Amino acid sequence: LAGNVKGYEEAIVERLVQEKGDADVVVLAQASMAGAATDAERRIGLPVLTSPRLGVTAAIAAWRRAKG
């Protein structure tokens with residue numbers, strides 16, 4: 001899948017469909033997986049969190065706290 005971003009993201013989604021089990025949420029901890037989140041949410045019907053989104057949210061919250 002080297003260089004094939006779409007194929008990489010599709011492979012992630014397909015694996016999540018197979019492995020969903022009784023999960024309540026999925027966390028994609030690698031930034032490179034973030035592009036698969038929207039399709040994964042649609043396909044598996046669960047919230048999908050990504051490390052870039054969580055990191056930016058945390059950074060903004062820290063900045064706001066520091067700013068006062």
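A salt bridge is a side-chain nitrogen of Lys or Arg within 4 Å of a carboxyl oxygen of Asp or Glu. Arg 15 and Glu 19 meet this test, with N and O 3.4 Å apart. The model is predicted: local features need pLDDT of at least 70, side-chain atom pairs count only at pLDDT 80 or more, and totals for chains, interfaces and linings use all residues. Residues are numbered from 1 along each chain as its sequence is written, and side-chain values use heavy atoms, with hydrogens and water left out.

Start with helix α1, residues 5-19. Helices (H or I, at least four residues) and strands (E, at least two) are DSSP runs, numbered from the N terminus. α1 has 15 residues and spans 21 Å from its first C-alpha to its last. That is close to the expected 21 Å, which is 1.5 Å times one less than the number of residues. Gly 7, Glu 9, Ile 12, Val 13 and Leu 16 of α1 are buried. Buried means under 20% relative accessible area, exposed over 50%, and partly exposed in between (1.4 Å probe, protein chains only). These buried residues pack against β1 and α2, where contact means heavy atoms within 4.5 Å. After α1 comes Gly 21, with a positive phi near 55°.

Now turn to α2, residues 37-44. Its buried residues are Ala 37, Ala 40 and Ile 44. They cover an arc of only 60° around the axis, so they sit on the same side of α2. The arc is taken from the directions from the helix axis to the C-beta atoms. Their cover includes α1, β1 and β2. On the other side of α2, Thr 38 and Arg 42 are exposed. Gly 45 follows α2, with a positive phi near 70°.

Next, the charged pairs. Side chains of opposite charge can pair when their charged atoms come close. The whole structure holds 3 salt bridges. Arg 43 and Glu 14 form one of them, at 2.7 Å from N to O. Arg 43 lies in α2 and Glu 14 in α1, so this pair ties together parts 29 residues apart in sequence. Arg 15 and Glu 19 both lie in α1, 4 residues apart, about one turn of the helix. Arg 42 pairs with Asp 39, with the closest N and O atoms 2.3 Å apart. Both lie in α2, 3 residues apart.
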